[in-house]
Amino acid sequence: MPRFERLLLTGAAGALGTELRRDLAGLARVMRLSDREPVSPAKAGEEVVRCDLADADGMLALTEDVDAVVHMGGVSRENTFANILESNIVGLYNLYEGCRKNGVGRVVFASSNHAIGFYPRTRTIDASVPHRPDSFYGVSKAFGEDLSRYYFDKYGIETVCLRIGSCFPEPVDRRMLATWLSYPDLARLVSRSLLAPQVGHMVVYGMSDNLEKLWDNTMASSLGYVPKDSAETYRERVEAATPVPDPRDPAVRFQGGGFTAAGHFED
Ligand code: NAI
Ligand code: 15L
């Protein structure tokens, strides 16, 4: 029995959107799929609406008749400030304005570990620590966490911000042994974020049940999220395939990995 009449999934042409399109299908009578890139044709129970997050009128129409939003759309790694501004800052504002004007009650927002990437690997942090972004991309995710808090405090729109670690089919480097989120655990986390009776405004980490943990994810358990996968399954393979890291390398010292060591994107 679908729990929602209509769910909006942004970033539906992207890697995580493609997974969630399949995994969330049973939750809504209609899944509205959106991206600025082409999305493969709608199947039964789906509708496809092509829209750029930067298009305010388009976003107002996109959020009409929607019960909840899973927001995966946006620039997903470091880029020019102009591109990040357009998709992740103006785009997020347009999404929340659409939600406010159309009475949408809940958003699940794909934030990122790069909002806190400059915390050292030696420190386990929870989701209440101040932001320490490691890139313009990370700054835009910190903005998203704050913007969504504002829309909750002022207008009551609930948001679960998922500070996703590394969500890929499997961990491919040593950092990901700590930051990995499996695709099935992503689907579990997003489902619980949609279905939990009350979430208010929350920030939780998107991580599997890895042995090495950079993050204390106690807050996520109040959603009823129980991860079932672990990066440990892949440790031997990852360690055999990758060199022993230099502990002085910033990419190793800080939680955000390579993002912390990269220079200014436009130089
Ligand atoms: P992706 O790059 O594969 O997908 C993002 C999608 O957003 C793309 O299809 C792109 O066309 C769309 N998009 C970008 N700008 C847009 C705009 N202005 N208007 C409409 N659509 C636009 O990224 P992925 O891996 O699927 O990530 C999904 C979300 O999760 C992103 O917000 C990313 O920042 C976040 N995230 C992902 C992590 C991962 O490990 N995959 C880790 C942390 C956060
Ligand atoms: C992210 O935020 C990116 O979207 C993804 O491509 C990875 O770089 C991930 O973080 C990570 O930190 O591994």
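# Cysteines, a buried serine and a ligand shell

With a disulfide taken as a pair of cysteine sulfur atoms within 2.5 Å, the count comes to zero disulfides. C99 is in no disulfide, and the nearest cysteine sulfur, that of C51, is 12 Å away. C161 is in no disulfide either; its nearest cysteine sulfur belongs to C99, 13 Å away. For reference, a disulfide is a covalent bond between the sulfur atoms of two cysteines.

This is a predicted model, where local features need pLDDT of at least 70, side-chain atom pairs count only at pLDDT 80 or more, and totals for chains, interfaces and linings use all residues. Residues are numbered from 1 along each chain as its sequence is written, chains are lettered from A and ligands numbered from 1 in the order in which they are written, and side-chain values use heavy atoms, with hydrogens and water left out.

Are the two cysteines buried or exposed? C99 is buried, at a relative accessible area of 0%. C161 is buried too, at 0% relative accessibility. Here buried means under 20% relative accessible area, exposed over 50%, and partly exposed in between, with a 1.4 Å probe and protein chains only.

Next comes a serine. S87 sits in helix α3, residues 81-102. Helices (H or I, at least four residues) and strands (E, at least two) are DSSP runs, numbered from the N terminus. S87 is buried, with a relative accessible area of 4%. Leaving aside residues up to four places away in sequence, S87 touches R36, L53, G74, V75 and L92. Contact means heavy atoms within 4.5 Å.

Now the ligand. Around ligand 1 there are 27 residues, and L16, D35, S76, Y137 and C167 come nearest. A residue counts as near if one of its heavy atoms lies within 4 Å of the molecule. The shell divides into 12 nonpolar, 10 polar and five charged residues. Ala, Val, Leu, Ile, Met, Phe, Trp, Tyr, Cys and Pro count as nonpolar, Asp, Glu, Lys and Arg as charged, and the others, Gly among them, as polar.

Which elements each supply at least two residues of the shell? They are α1 (15-23), β5 (106-112), α4 (136-155) and β7 (166-167). The largest share, three residues, comes from β5.

R36 and L53 return here. A nitrogen atom of ligand 1 is 3.3 Å from a polar backbone atom of R36. A nitrogen atom of ligand 1 also lies 2.8 Å from a polar backbone atom of L53. An oxygen atom of ligand 1 is 3.0 Å from an N or O atom in the K141 side chain.

Notes: Polar contact = N/O pair within 3.5 Å; in protein donor to acceptor, adjacent residues only side chain to side chain.
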